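Thanks for coming. Please have the sequence and the model open while I talk.

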Amino acid sequence: MNLVKANNLTLAYNSGVIIKESTFTINEGDFVFLTGVSGSGKTTLIKAMYGEIKPKGLLQIGPYNMGTISKSKLTKLRRHMGIVFQDYKLIPEWNILRNVMLPLFIKGYDKKIAEQKALEVLKKVKLSHKIDKFPAELSGGEQQRAAIARAIIHSPAIILADEPISGLDEYSASLVMDLFIMANKMGITVLIASHSLPGDFNISYKHLHIEKGKIYELS
Amino acid sequence: MNYLKSHITLILALVSILLSIFLFRIFNKILFLYEKNIVNNYSIVIVSTSKIENLNYPEIEKITPIDIKDQIQRLQQKYKNIDFSKIDLPYFYKLTLKKLPSPKKLEKLKERLKQKAFVKRILTHSSSQTKIYNLLMLLKILTKMFMVIVGVLGFLLIVKQLEVWKLSHSERMYIMELFGAPFWLKGAALFKIAILDSLIAIILTVSFVYFITNSFLFTKIISDLNIILQIDYIKEFLLLLVISFSISLISSIIVVVSKK
C-alpha cells in the first residue's frame with residue numbers, strides 16, 4: 001500500500017525550480033535511499049514531505065495531500081513522522097533524555113511512561129550513559145544517535161532522514177545505519193537522503209535518484 | 001544571574017505599567033474626592049427680588065436661602081436711625097453646584113442667571129474658583145501624562161522583551177513544531193515565564209503600593225486635603241493581577257504565533 005505518492009511533482013523556491021514533474025511511490029515498510037549530488041533537491045523533497053514547502057502537482061503522504069493540507073492536519077501528520085536532520089536539531093537547553101522524550105510529550109504520554117520508553121530507546125542507540133548530557137556535550141555521532149532515538153521512540157509511520165551519516169566516523173555511521181534497519185524491521189518506512197548508496201547493505205531497498213531536477217525510481 | 005537577566009525586562013515593564021495604572025487610579029480618586037470637597041464648599045450667591053423655589057438648571061445641585069436675620073440685626077444696631085424692618089429687602093440664595101465648573105461654564109451660568117428678571121446680583125468668586133479649577137486641571141493632565149509616559153516606556157520594554165524571546169525560544173519552538181507539537185506545548189516554556197514574571201511583578205507592585213499608601217507622608221497629605229481615601233486593596237490587587245497576566249500572556253502568545 002502506498003504511503004507516499006508523488007505525481008507530476010514540482011518543487012520550487014523563489015530562486016527557481018528544484019524538482020520538476022516527477023512521479024514515484026513509496027510503500028508502507030519500504031526502506032528507501034534517495035540519492036543525488038549536493039544541491040540536487042534531496043533536502044527540498046524531504047522538506048516537502050514534512051510540509052515545510054508547498055508542492056505543485058500531487059504529493060500525498062498517507063491520506064493527506066501536501067499541497068492542500070491545513071495547518072492543523074499537518075501538525076497531526078507530523079506526529080506520525082520521525083525526522084532526522086543533518087544538523088540533528090536537538091533542543092540545546094534540554095538534556096538528551098528530555099530531547100528523546102519530545103515526541104511522546106507531544107502525543108500526551110505520561111511523564112513516567114515516556115521516561116521509561118526513552119531509556120529503552122537510548123539503550124538501543126547506546127546512549128544510556130549520556131542521558132543527563134546536553135547536546136553540546138556530545139559528539140556528532142552521539143547527537144545523531146540521539147536524534148534517531150527521538151525519531152523512532154513514538155513508532156512513526158515514516159522516518160525521513162536527511163544525510164544522517166554525512167560527517168560521521170565509520171563506527172557511528174555503521175551504528176546509525178543499523179538503527180535505521182532496526183526501525184525498518186519494526187515496520188517503520190525509512191527514507192534516507194544520501195550522496196550515494198552505502199557500500200555493503202544487506203537488506204532490500206528502493207532507490208530513488210534525483211538528477212537534473214527529475215526523480216527516477218531505480219531498481 | 002542569567003535567570004535575573006532573562007526576567008528583569010518583563011518584570012520591570014510590568015511593574016512600571018501596573019504602578020502607572022494604580023497611581024493613575026489613586027490620583028484620580030484623590031482628585032475626585034478633593035474636587036467634591038471643593039464643590040461642597042463652593043457656592044454662588046444670588047440676590048433676587050422675588051422668592052425662588054427652583055431654578056431647574058442641570059448644573060445646580062440645590063438652592064438654599066441665606067438667612068440674613070443676624071446681619072440685619074447687626075446693621076440695625078449700627079444704624080439705629082434706619083428701620084430695616086420697613087425696607088423691602090431682597091432675597092439671598094446660595095447655589096450649590098453638582099461639579100466644579102470651568103471658568104467658561106461659570107461665566108455662561110452667570111449670563112443665564114443674569115437674564116432672569118428677578119436676579120439682581122450674582123457673586124461667583126470667580127477669581128479664586130478659576131485658580132482652583134486650573135490647578136485641578138493641571139494635576140489631571142499631569143497624572144494622565146505620567147500614566148501615558150510610563151505606559152509607553154513599559155510597552156517599549158515589552159516590545160524589546162518580545163524580540164529577546166523570539167531569538168531565544170524560536171529554535172526550540174521550531175523543532176517542537178516539526179514533531180507536531182500543539183500550540184500550548186510549543187509556548188509552554190514562555191507561558192510559564194509569563195505567569196511567573198506576572199506574579200513577581202504583582203508582588204513587587206502591591207508591596208510598593210502598600211508601602212507608599214501607608215507611609216506617613218502620604219497619609220498626612222490625604223489628611224491635609226481633608227478627604228477620606230478608602231483603597232480596596234483586594235479589588236486593586238485583582239485588577240492588577242488580571243492586567244499583568246493579560247499583558248504577559250498576550251506577549252508570549254504573540255511570540256509563539258509570530259514565529260516563522
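**A pocket, a cavity and a helix**

The largest share of the lining of the largest pocket comes from α4(B), with 7 residues. Helices here are DSSP runs of H or I with at least four residues, strands are runs of E with at least two, and both are numbered from the N terminus. This is a predicted model, where local features need pLDDT of at least 70 and side-chain atom pairs count only at pLDDT 80 or more, while totals for chains, interfaces and linings use all residues. Residues are numbered from 1 along each chain as its sequence is written, chains are lettered from A and ligands numbered from 1 in the order in which they are written, and side-chain values use heavy atoms, with hydrogens and water left out.

Now the terms. On a 1 Å grid over the protein atoms alone, a pocket is an open set of points with protein on both sides within 12 Å along at least five of seven lines; a cavity is a set where a 1.4 Å probe fits but cannot get out; lining residues have an atom within 4 Å of a point. Grid points are joined across faces, edges and corners, and a volume is the space filled by probe spheres set on the points.

The largest pocket holds about 450 Å³ of space. Its lining has 18 residues, and those nearest the centre are W94(A), H169(B), R172(B), A189(B) and I193(B). Two or more lining residues come from each of α3 of chain A and α1 (2–41), α4 (126–178) and α6 of chain B.

How many cavities of 30 Å³ or more does a search of the whole structure find? The search finds 1. About 50 Å³ of space lies in the largest cavity. Residues lining that cavity include F22(B), V206(B) and Y233(B). α8(B) gives the most to this lining, 4 residues.

Last, helix α4 of chain A, residues 111–124. Its 14 residues reach 20 Å from first C-alpha to last, close to the expected 20 Å, which is 1.5 Å times one less than the number of residues. Which residues of α4(A) are buried (under 20% relative accessible area; exposed is over 50%, partly exposed in between; 1.4 Å probe, protein chains only)? They are A114(A), A118(A), V121(A) and L122(A). Why are they on the same side of α4(A)? Because they cover an arc of only 100° around the axis, taken from the directions from the helix axis to the C-beta atoms. On the other side of α4(A), K112(A), Q116(A) and K123(A) are exposed. After α4(A) comes K126(A), with a positive phi near 60°.
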